[in-house]
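Me: I would like to learn how to read a few features of a protein model. Please take them one at a time, with the general idea before the case.

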Amino acid sequence: MKWIIPLALGVAVLGCWEAAVRIEDIPPYVLPAPSAVWAAFVENFASLMASLWTTLRITIEAFVLAVLGGVALAILFSQSRIVETALYPYAVMLQVTPIVAIAPLVLIWVGFERIHLALLILAWLVAFFPILSNTTLGLRSASHDLIDLFRLYRASRWQILIRLQLPTALPYLLSAMKVSGGLALIGAVVAEFVAGSGTATGLAWRIVEAGNRLQIAKMFAALGLLSALGIAIFFALTLLEWALLHRWHESALKKQG
């Protein structure tokens, strides 16, 4: 039922949408019918798929860099309060600064001839902080009693990190990854909008292009692909979280009885 009910609701909404457009005779440049959106998707399938791949590639690259950089810096923070005190405020500063405010500077510094790199940097900036903050919290959440026990048995700082702190932080990291994956996609799309260059051929540029030409059905088709991509990223990371936690962590264990 958890699959049937949402699907039935979606079909009902699409049916009402189609009927409303036809009954009210709404112009396609204002609100196209779902059938027109599907026709535009089929007609522009090749270009939309190429743009989808461009956006997906930037999103994956930014997400991977955010995970690697965020985890590495969080480990450094957990090992040195001085480093955390010195660097954490700047990480917060990057997080709270709107990407649309710094995007023009990044584009100028990187150059429009390397638009892919500029988009990657901007998407990474958006996705980085949730990984850093949640992993830092997870590393700090290791039981102090267990840390004392490890030290009693003469465990090194590296052994405490690998055998206790990182397993403790894993659920925090996986939860942050589900947020960061969506943010990486949002960052890539916003960066493409801000770039405003024909050299950026991702889905955001297709939306801008379709809007400028009043091809609203194509615009909706690109928006639908973006939504589907975001959903796919979320479910893929949810599956990863389940695969890594379902055997041992309370959050993923099935309740008995």
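Me: Which residues touch the most other members of the largest nonpolar core?
Reply: In soluble globular proteins, nonpolar side chains tend to be buried together. A nonpolar core is a set of buried Ala, Val, Leu, Ile, Met, Phe, Trp, Tyr and Cys residues joined through side-chain atoms within 4.5 Å. Buried means under 20% relative accessible area, exposed over 50%, and partly exposed in between (1.4 Å probe, protein chains only). Here the largest nonpolar core has 57 residues, and Leu48, Leu122, Ile131, Leu132, Met177 and Leu203 touch the most other members.

Me: Which elements give two or more residues to this core?
Reply: They are α2 (34–43), α3 (45–79), α5 (99–110), α6 (115–140), α8 (157–195), α9 (203–212) and α10 (216–245). The largest share, 14 residues, comes from α6. Helices (H or I, at least four residues) and strands (E, at least two) are DSSP runs, numbered from the N terminus.

Me: What should I know about the model itself?
Reply: This is a predicted model, in which local features need pLDDT of at least 70 and side-chain atom pairs count only at pLDDT 80 or more, while totals for chains, interfaces and linings use all residues. Residues are numbered from 1 along each chain as its sequence is written, and side-chain values use heavy atoms, with hydrogens and water left out.

Me: Which residues does Met177 touch?
Reply: Contact means heavy atoms within 4.5 Å. Not counting residues up to four places away in sequence, Met177 touches Phe63, Val67, Ile131, Leu237 and Leu240.

Me: How many aromatic pairs does a search of the whole structure find?
Reply: A pair of aromatic rings is described by the distance of the centres and the angle of the planes. Rings of Phe, Tyr and Trp (its six-membered ring) pair if their centres lie within 6.5 Å; planes under 30 degrees apart count as stacked, over 60 as edge-to-face and the rest as tilted. The search of the whole structure finds seven pairs. In one of them, the rings of Trp17 and Phe220 have centres 5.7 Å apart and planes at 55°, so this pair is tilted. It links distant parts of the chain, with Trp17 in helix α1 (residues 4–24) and Phe220 in helix α10, 203 residues apart. Trp17 is partly exposed at 23% relative accessible area, and Phe220 is partly exposed at 27%.

Me: How are the planes of Tyr88 and Phe129 arranged?
Reply: Tyr88 and Phe129 form a tilted pair, 6.0 Å centre to centre with 50° between the planes. Tyr88 lies in helix α4 (residues 81–96) and Phe129 in helix α6, 41 residues apart. Phe129 counts as buried at 15% relative accessibility, whereas Tyr88 is partly exposed at 25%. Elsewhere, ring pairs link Trp38, Phe41 and Phe45 into a cluster.

Me: How many salt bridges does a search of the whole structure find?
Reply: A salt bridge is a side-chain nitrogen of Lys or Arg within 4 Å of a carboxyl oxygen of Asp or Glu. The search finds seven salt bridges. One of them joins Arg22 and Glu18 (2.8 Å, N to O), which both lie in helix α1, four residues apart, about one turn of the helix.

Me: Are Arg22 and Glu18 buried or exposed?
Reply: Arg22 counts as exposed at 59% relative accessibility, but Glu18 is buried at 16%.

Me: Where do Lys178 and Glu241 lie?
Reply: Their side chains meet in a salt bridge (2.9 Å, N to O). This pair links distant parts of the chain, with Lys178 in helix α8 and Glu241 in helix α10, 63 residues apart. Glu241 is buried, with a relative accessible area of 15%. Salt bridges that share partners also join Arg206, Glu209, Arg213 and Lys218 into one network.
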